[in-house]
Amino acid sequence: MGLEDLYKKAKEDNPYVAGMCVVGAWSTSLTETDLAAFKESLDDDDFSTRSLFDLYKTAGASFGLTSLREHRNGTCACH
């Protein structure tokens, strides 16, 4: 399968994650209540990015610390 076909299939299989970073894409898998907690936690200055990273990994996240840092700072593809 060529790149063109792979890209087309990826867009069809993941219509909600196009234009999102891996953190934003992961957040689309959360329940409504978990998504609300996720969004609130990103803005909570009482938690370091490292602390949030550890928390999200426990919840099943598969992204890296740098991706979270960029998402939290607003420098990722989501923003």
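1. **Fold.** The protein has five helices and zero strands. Along the sequence the pattern reads α-α-α-α-α. Helices here are DSSP runs of H or I with at least four residues, strands are runs of E with at least two, and both are numbered from the N terminus.

2. **Model.** This is a predicted model: local features need pLDDT of at least 70, side-chain atom pairs count only at pLDDT 80 or more, and totals for chains, interfaces and linings use all residues. Residues are numbered from 1 along each chain as its sequence is written, and side-chain values use heavy atoms, with hydrogens and water left out.

3. **Overall size and cover.** The C-alpha atoms fill a box of roughly 45 × 25 × 20 Å along the principal axes. The protein has 79 residues, and 25% of them count as buried. Buried means under 20% relative accessible area, exposed means over 50%, and partly exposed lies in between (1.4 Å probe, protein chains only). The protein exposes about 5,700 Å², with 52% of it supplied by carbon and sulfur atoms. Accessible areas come from the Shrake-Rupley method with a 1.4 Å probe, and for residues only the protein chains shown count as cover.

4. **Contacts across the sequence.** Take the contacts with a separation of 6 or more: residues 24 or more positions apart account for 49% of them. Contact means heavy atoms within 4.5 Å.

5. **Arg72.** R72 sits in helix α5, residues 65–73. It is buried yet has no salt bridge. The nearest side chain of opposite charge is D45, 4.8 Å away. A salt bridge needs a side-chain nitrogen of Lys or Arg within 4 Å of a carboxyl oxygen of Asp or Glu. Leaving aside neighbours within four places in sequence, R72 is in contact with S41, L42, D44, D45, F47, S48, T49 and L52.

6. **Charges.** Patches use residues with over 30% relative accessible area and no salt bridge; like charges are joined within 9 Å, and nonpolar side chains (Val, Leu, Ile, Met, Phe, Trp, Tyr) within 5 Å. E40 belongs to helix α3, residues 32–42. E40 is exposed, at a relative accessible area of 60%. Over the protein, the mean positions of the 8 positive and 13 negative charges are 6 Å apart. Lys and Arg count as positive and Asp and Glu as negative, while His and the chain ends are not counted. The place of a charge is NZ of Lys, CZ of Arg, CG of Asp or CD of Glu.

7. **Nonpolar patch.** M1, L3 and L6 make a nonpolar surface patch of about 390 Å². L6 is in helix α1, residues 3–13. L6 counts as partly exposed, with 44% relative accessibility.

8. **Val17.** V17 lies in the loop between α1 and α2 (22–27). V17 is partly exposed, at 24% relative accessible area. Not counting residues up to four places away in sequence, V17 touches A25 and T28. V17 and L55 are 38 residues apart in sequence and 22 Å apart in space, C-alpha to C-alpha.

9. **Two further pairs.** G60 is in the loop between α4 (49–58) and α5. G60 is partly exposed, at 47%. G60 and W26 are 34 residues apart in sequence, but 9.3 Å apart in space, C-alpha to C-alpha. T75 is in the segment after α5 and is exposed, at 54% relative accessibility. T75 and C21 are 54 residues apart in sequence and 9.9 Å apart in space, C-alpha to C-alpha.
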